[in-house]
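Here is a short note for someone opening this structure for the first time. Please read it alongside the sequence and the model.

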Amino acid sequence: MGKAQDVQLHIVVQEVKGANSLESTNFTHQSTISQPKVSKSWLRVAVYTLFVLSGQSAAILLGRLYYDEGGKSKWLATLVQLIGFPVLIPYYCISSSKKTAKNNVEKTRPSSLVLASIYVSLGLLLAADSVLYSTGLLYLPVSMFSLICVSQLAFNAFFSFLLNSQKFTPYIINSLFLLTVSSSLLMFNTNSEIPSGISRDKYTVGLVCTIGSSAGYGLMLSLTQLSFQKVLKTETFRAVLEMMIYQSLAASSATVLGLFISGEWKGLKREMEEFEPGMSSYFVILGSTAMAWQIFTVGTIGLIFEVSSLFSNVISVLGLPFVTVLAVIFFHDAMDGLKATAMLLALWGFASYIYQHYLDDSEGKVQNNGNADNNNVKEISLIPLLKEVSH
């Protein structure tokens, strides 16, 4: 969800000439009252971050486990990534019931046809991206798959440059270079890295699909941001949930259609019966995978509104190299020097990307403080947040 959203917790103090000691006492009292709010905000950020990291890690590992234990359906593996969206409906109902006079978005709301076109288009893109994702996970080791997925940050920056007026600075360029090299290094891994039962051709297909999935995800983030900026012209909690629910509905419908058109549905009964841990484990693994993806989604939405969409995206990307470590532990994937180098380059590229946005945030705060001083208003930021470059 590449929406340029800055959510900042701050205190605005009106400076009036000749302020007496009573005003100073009121400010101190206001600051004291705000401290619990700050603590609660940090707690929510920590919880949502845990949701993102744990949900994503569990979903990837369970998806690989499904294939390892006898699962064969790419369309079913895709469907479990999307089908859990009804868990978001209660959040949407709650947000819809909290309408205020300040939030009168109906006047600027696009027509139903325009909204449907956006939701269906992005939903189809999400479905196609998820199919590529499932195919890559089927043919690649989890460790390699996760490291290649880190490149989604580079693709996001590239498409943001084309569609969202993202500026390319030396740090962004350095990040793009490092992330590209990190993913490219994995192309030179030896045949010993190919999973048993996977041919060289399928292994190559897995590489291409994983890179395509990362590119598709980056494109989807930028198109979503563009939709909010140019068409929807609102980024409320309700609007984002609405986007995700209808987009997931369209994607799920397309995936179900693909499951039947491909004919994979005919082999599902046999797949259940031949699943090595048993039929009950079959449903537990698929159900747990769907739940893990929705935990990840809830954490993603939470971070967008507690901090920013950039922060949400980079936390997701940050967790991918650690999935590589988990894959070594649980699936006994090899950790050779080439893969370790790729991981370090990915983390370096990630750090370079974040540092640039930290500089942007600091510059923005200086400008805001300058404007505030001109208006006799002083803004004190209690939580430094990352800011996306979008104009």
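**Notes on the chain**

1. The accessible surface of the chain (Shrake-Rupley method, 1.4 Å probe) comes to about 18900 Å², and carbon and sulfur atoms account for 65% of that surface. The model is predicted, so local features need pLDDT of at least 70 and side-chain atom pairs count only at pLDDT 80 or more, while totals for chains, interfaces and linings use all residues. Residues are numbered from 1 along each chain as its sequence is written, and side-chain values use heavy atoms, with hydrogens and water left out.

2. The chain has 13 helices and two strands, which are DSSP runs (helices H or I, at least four residues; strands E, at least two), numbered from the N terminus.

3. Of the 391 residues, 49% are buried, meaning under 20% relative accessible area with a 1.4 Å probe, protein chains only.

4. Leaving aside neighbours within four places in sequence, Val142 is in contact (heavy atoms within 4.5 Å) with residues including Ile60, Arg64 and Phe331.

5. Residues of helix H4 (residues 112-139) and helix H9 (residues 237-261) also meet, among them Ile118 and Leu122 in H4 and Met243 and Ala250 in H9.

Terms used:
Buried < 20%, exposed > 50% of the residue type's maximum accessible area, 1.4 Å probe, protein only. Axes fitted to C-alpha atoms, helices over the stretch in contact; angles between N-to-C directions.
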